[in-house]
Amino acid sequence: MRTEEFNGHTITYPDETCFAFNPQIITIDNLTGSVIFYVGDYSDMRDPISGKVSIDISEYLRSLLRFDYANIPNSKNIHVQIDVDGLTFEFYINVIWGAMNIGEVFNPSRTVTMFRNFPSTISIYSNGEINVRYDAEKYTSVEVEKTGLLHKDFSKLFKDAKEFGMIKILNTPEAPSTFQYTFDRTFKPLPDDAVLIKVLFNDCTKGIYLRWLDRHGFLQYWLFQEGDLTGQSSNEGEQLNVDYSDIKYVYNGMRRYQGKTYQTTRKACATLVERETFNMLSSIHSSPIVDMYINENWIPVNIVAGSFTDNGTVLQDFEIQITMPETITQML
């Protein structure tokens with residue numbers, strides 16, 4: 001959190017970069033009258049209690065990001081204005097669609113896998129310039145579209161790579177960071193002077209390819225091995241009387257249901273993955289935004305809710321069950 005003195009008031013407000021799903025609280029003291037808060041297009045008037053006003057603006061921040069499947073949110077710079085005692089105090093915050101829990105690290109150096117036969121991006125937090133190299137080549141500077149969190153396609157930059165790629169992000173004071181118990185200074189820098197992302201390549205062509213948005217706002221991708229497929233059907237609607245007769249007789253009391261629902265569940269597995277990969281894959285359980293790549297389109301799917309076990313070994317299997325959208329059936 002940041003703190004400033006303004007016209008005899010002490011104002012505490014969120015850091016320059018914050019997460020939309022964490023509490024983002026503004027407090028002002030020594031007040032005698034109402035305060036008006038402007039968060040983007042929203043306004044909120046508050047009266048002081050014992051000379052103090054406190055407001056959580058995270059709901060407004062989430063509304064301003066407006067999640068859209070066609071445009072996966074990354075981060076957005078939002079203007080905040082406070083009118084107090086006839087004067088104006090204002091600031092900007094860069095809001096990420098995500099949340100941090102105690103002890104978690106945001107944007108650490110890490111290893112990612114690029115599946116070359118499928119579309120993918122790599123999520124990075126950058127100040128506008130990165131360095132990229134592959135195999136034995138030297139680093140070259142690459143400008144990115146914007147500062148902050150973005151999901152960038154590196155397929156063209158690594159099209160000639162054979163063994164591995166490297167992405168170096170320099171001069172990022174918001175780089176690796178440990179979340180504080182006080183919910184303060186979320187992006188407090190660690191001693192690292194750069195974030196290094198090692199990119200491994202996978203040329204497999206078959207499997208269940210998923211993407212999901214993890215808690216930190218990063219898009220993750222993985223090509224799972226396909227397991228058993230099960231189908232489940234259920235009756236829908238009321239039982240209807242059916243008039244039926246043949247050449248000799250009329251049959252009464254025959255009924256059929258109005259319709260049916262049918263849904264399939266697919267099992268998927270990543271076998272013998274390392275601990276870093278297992279932790280990344282486990283983030284799919286906390287994401288409501290999961291898509292499967294089918295026929296060159298991303299189709300929304302759901303992961304069956306439940307528990308998973310981390311046995312602590314260096315290599316272990318990771319399994320999930322995926323529910324496909326309900327099959328459209330006839331309805332009488």
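Modeller: Gladly, and let me begin with a definition: two rings of Phe, Tyr or Trp, taking the six-membered ring for Trp, count as a pair if their centres lie within 6.5 Å, and the pair is called stacked when the planes are under 30 degrees apart, edge-to-face when they are over 60, and tilted otherwise. Please keep in mind that this is a predicted model.

Biologist: Okay, how many aromatic pairs does a search of the whole structure find?

Modeller: The search finds 21 aromatic pairs. To take one of them, the ring centres of Phe106 and Tyr125 are 5.7 Å apart and the planes stand at 80°, so this pair is edge-to-face.

Biologist: What about Phe154 and Phe158, stacked or edge-to-face?

Modeller: Phe154 and Phe158 are stacked, with 6.0 Å from centre to centre and 20° between the planes. Phe154 has 0% relative accessibility and therefore counts as buried, and Phe158, at 1%, counts as buried too.

Biologist: Which lysine lies over the face of Phe154?

Modeller: That is Lys152, which lies over the face of the Phe154 ring at 5.9 Å from its centre. Another such case is Lys198, placed over the face of Phe164 at 5.4 Å from the ring centre.

Biologist: Which residues form one aromatic cluster?

Modeller: One aromatic cluster is made up of Phe115, Phe118, Tyr209, Tyr221, Trp222, Tyr293 and Trp298.

Biologist: Changing topic to the strands, in what order do the four strands of the open sheet come?

Modeller: The order in that open sheet is 1-2-4-7, and the pairing is antiparallel. Strand 1 (2-6) and strand 7 (53-56) each have a single partner strand, so they stand at the edges and one side of each is left without a neighbour in the sheet. On average, and ignoring direction, neighbouring strands of this sheet are turned by 15° against each other.

Biologist: How many bridges join strand 1 to strand 2?

Modeller: Five bridges join strand 1 to strand 2 (residues 9-13), and the two run antiparallel.

Biologist: How many disulfides turn up, and is Cys269 buried or exposed?

Modeller: A search of the whole structure finds zero disulfides. Cys269 counts as buried because its relative accessibility is 14%, whereas Cys204 is partly exposed with a relative accessible area of 42%.

Biologist: Last one, where is Lys159?

Modeller: Lys159 is in the loop between strand 15 (148-152) and strand 16 (164-170), and at 58% relative accessibility this lysine counts as exposed. The C-alpha atoms of Lys159 and Arg116 are separated by 8.8 Å, although the two residues are 43 residues apart along the chain.

Methods. Residues are numbered from 1 along each chain as its sequence is written. This is a predicted model: local features need pLDDT of at least 70, side-chain atom pairs count only at pLDDT 80 or more; totals for chains, interfaces and linings use all residues. Side-chain values use heavy atoms; hydrogens and water are left out. Buried means under 20% relative accessible area, exposed over 50%, partly exposed in between (1.4 Å probe, protein chains only). A charge sits over a ring if NZ of Lys or CZ of Arg is within 6 Å of the ring centre and within 35 degrees of the ring normal. Two strands pair if DSSP finds at least two bridges between them. Axes are lines fitted to C-alpha atoms, for helices over the stretch in contact, and angles run from 0 to 180 degrees between N-to-C directions. A disulfide is a pair of cysteine sulfur atoms within 2.5 Å.
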